[in-house]
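This report covers the contact between two chains and a few side-chain pairs within one of them. The structure comes first.

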2 protein chains.
Amino acid sequence: MTRFPVLGPGREFDLIRDVAQTVHDHAELVVGPGDDCAVLNGGWVITCDASVENVHFRREWLNAEEIGYRATAVALSDVAAVAATPVAILSSLVSPTRDYGHFVHDIMAGVMRAAAAAGAILAGGDTTHTDGPLVIDVTAMGMASAPILRSGARLGDEVWVTGHLGAAASAVYAWLRGKQPDPAARTAFANPQPRVHEALWLGDRADIHSLIDISDGLAADLQHIAAASSVAITVHADLLPVPSDLADLKLALSGGDDYELCFTAAPGEIEPISNEFIDQFGIALSRIGEVQTGSGVRILDSHGQPIVLERAGYDHFGDTT
Amino acid sequence: MTRFPVLGPGREFDLIRDVAQTVHDHAELVVGPGDDCAVLNGGWVITCDASVENVHFRREWLNAEEIGYRATAVALSDVAAVAATPVAILSSLVSPTRDYGHFVHDIMAGVMRAAAAAGAILAGGDTTHTDGPLVIDVTAMGMASAPILRSGARLGDEVWVTGHLGAAASAVYAWLRGKQPDPAARTAFANPQPRVHEALWLGDRADIHSLIDISDGLAADLQHIAAASSVAITVHADLLPVPSDLADLKLALSGGDDYELCFTAAPGEIEPISNEFIDQFGIALSRIGEVQTGSGVRILDSHGQPIVLERAGYDHFGDTT
């Protein structure tokens with residue numbers, strides 16, 4: 001019996017919802033469209049992620065090697081987001097003919113660096129040209145004996161995140177205003193670290209009920225957990241691991257591109273292992289909220305008042321009419 | 001021990017060659033980049049194929065549903081080309097924002113039609129926008145207990161193809177000259193039939209030594225079999241299954257987009273089952289040549305003289321300097 005996850009709001013997700021409704025049960029498909037990865041019989045998980053010039057990155061922001069690295073890292077982040085071990089990737093590189101030569105070779109070097117860092121191998125791909133912007137679509141496959149889905153959050157769960165939030169979005173914020181970002185912020189955007197080993201460690205040490213990676217912004221990604229698990233989630237803004245030099249809290253909530261993990265677990269489950277996690281990976285675990293009855297995501301300020309976001313996260317079709 | 005297939009000539013393949021050289025052995029990878037599919041442990045095969053507006057198709061040529069169908073069919077053709085059973089696909093749809101609405105829904109309807117015809121399910125994907133041409137990248141997965149590769153051709157083998165060649169290329173030829181193609185030629189281009197069931201039937205009934213699908217043109221694709229198998233291949237032009245109304249034989253040799261199968265088998269292996277194949281699938285099997293010592297592909301006319309092609313097949317980087 002194939003499971004079809006429920007998605008949070010957003011125009012991009014409306015299309016996926018419509019299409020997923022036409023997908024029927026399939027004996028080989030354990031989890032269909034709507035989670036970070038599809039899950040196949042035998043423990044294989046698979047995902048794909050397209051990175052488009054002028055949408056996800058600009059050439060003024062990243063060099064060729066970083067373009068390839070980042071495109072691959074964000075696909076591998078979806079494998080981490082179900083607590084699977086990455087195995088193989090395929091890359092479809094659609095590049096302007098003027099890029100042929102060193103530029104595309106450098107892109108592929110970045111693809112290989114991201115794959116190697118995650119223990120995955122380049123198994124195949126496609127190359128073709130375009131008279132438009134560069135597109136690189138990366139398919140990532142992994143193995144998981146027990147993939148952790150978005151749909152497992154339970155009432156009373158604590159909500160946790162890894163690392164810091166908002167740095168990558170602050171780099172984009174600076175670039176879009178014609179400024180050079182802080183070097184650490186630039187690195188967060190250009191060299192995201194898919195939390196592959198962290199997810200496997202957490203899945204091994206604790207009973208993680210639900211898991212997602214933060215790609216579209218914390219608020220939007222939590223909405224997927226809330227929708228898939230039929231629960232409400234409350235986040236306390238003053239608990240968010242936001243860099244102290246980040247001017248705008250809302251970047252940490254609605255800005256994407258962090259590729260940290262967000263997960264839920266029973267109360268008291270994570271606190272005892274949080275110091276060991278820091279020792280192991282050099283990044284913190286932060287409890288940021290809790291799972292309640294109801295639906296949707298509420299973000300409360302230090303006075304318990306709801307914070308209203310202009311947009312919850314990155315919606316690829318959000319700027320159309 | 002991972003096998004890395006040797007590719008035929010072509011600038012696109014030079015890039016793949018360079019990248020594949022940096023891929024190392026991996027316990028989970030049976031066949032690495034360079035065949036129609038990568039082969040993973042446990043019998044999974046996987047491939048991806050990017051279809052780019054103004055490169056692989058034009059909006060004046062295809063409607064939205066056909067764009068989605070064709071993009072998916074050509075990826076599934078690579079699964080057929082290793083005699084695997086299609087299981088799942090993922091589609092990454094990169095579309096201009098003006099297409100959002102009916103157009104992208106129709107594209108996805110075409111994706112679903114192609115998947116259903118091959119017995120595969122849409123397991124996942126990605127959607128995003130672009131300020132450039134539409135791109136749809138389809139990943140296809142299948143299962144094969146004994147995948148048939150490009151590298152298995154043996155000296156003395158006969159070379160066979162399914163169906164007819166050149167019709168799709170003649171449609172493109174007409175369009176590029178401002179003419180409307182013959183309806184049958186248009187159908188061959190817009191609705192290619194991945195030979196999934198034919199490949200499985202052939203693999204079941206006969207000892208097929210090597211197999212490829214004809215996507216870049218017969219001459220170019222045979223060069224891959226020759227290179228991967230360390231053999232030479234001779235093709236007799238007067239044996240080619242070319243539609244009688246096709247003016248230019250060279251379209252059948254160097255034009256791509258047929259998505260028929262080409263395979264080699266021992267002398268006398270295929271002839272006894274060829275009538276049953278026609279009865280079963282309504283298309284013919286044609287013996288077109290033989291495998292010999294040496295390297296490369298020779299095409300001989302009815303007088304035994306070599307036919308020289310200006311280009312062997314479609315090279316996505318062939319028009320760059």
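## Contact between the chains

The contact draws 66 residues from chain A and 66 residues from chain B, where contact means heavy atoms within 4.5 Å. This is a predicted model, in which local features need pLDDT of at least 70 and side-chain atom pairs count only at pLDDT 80 or more, while totals for chains, interfaces and linings use all residues. Residues are numbered from 1 along each chain as its sequence is written, chains are lettered from A and ligands numbered from 1 in the order in which they are written, and side-chain values use heavy atoms, with hydrogens and water left out.

About 5,300 Å² is buried between chain A and chain B, and carbon and sulfur atoms give 70% of that area. Buried area is the accessible area (1.4 Å probe) that two parts lose on being put together, summed over both.

## Make-up of the interface

Several elements of chain A give two or more residues to the side that touches chain B, among them α1 (11–20), α3 (102–117) and β6 (135–143). Helices (H or I, at least four residues) and strands (E, at least two) are DSSP runs, numbered from the N terminus. The largest share of this side, 10 residues, comes from β5(A).

Between chain A and chain B, 5 residue pairs are in polar contact, both residues at pLDDT 80 or more. A polar contact is a pair of N or O atoms within 3.5 Å; within protein, one must be able to donate a hydrogen and the other to accept it, and residues adjacent in sequence count only if both atoms are side-chain atoms. The interface has 0 salt bridges, a salt bridge being a side-chain nitrogen of Lys or Arg within 4 Å of a carboxyl oxygen of Asp or Glu.

## Symmetry

Chain A superposes on chain B by a rotation of 180 degrees with 0.0 Å of shift along its axis (RMSD 0.0 Å). That is the relation of a two-fold axis. Of the residues of chain A, G132(A) comes closest to the rotation axis, with its C-alpha at 2.4 Å.

Over all chains, the count is 20 salt bridges. One of them joins the side chains of E276(A) and R205(A), at 2.7 Å from N to O. E276(A) lies in helix α9 of chain A and R205(A) in helix α6 of chain A, so the pair ties together parts that are 71 residues apart in sequence.

Terms used:
Copies are superposed by least squares on the C-alpha atoms of residues with pLDDT of at least 70 in both.
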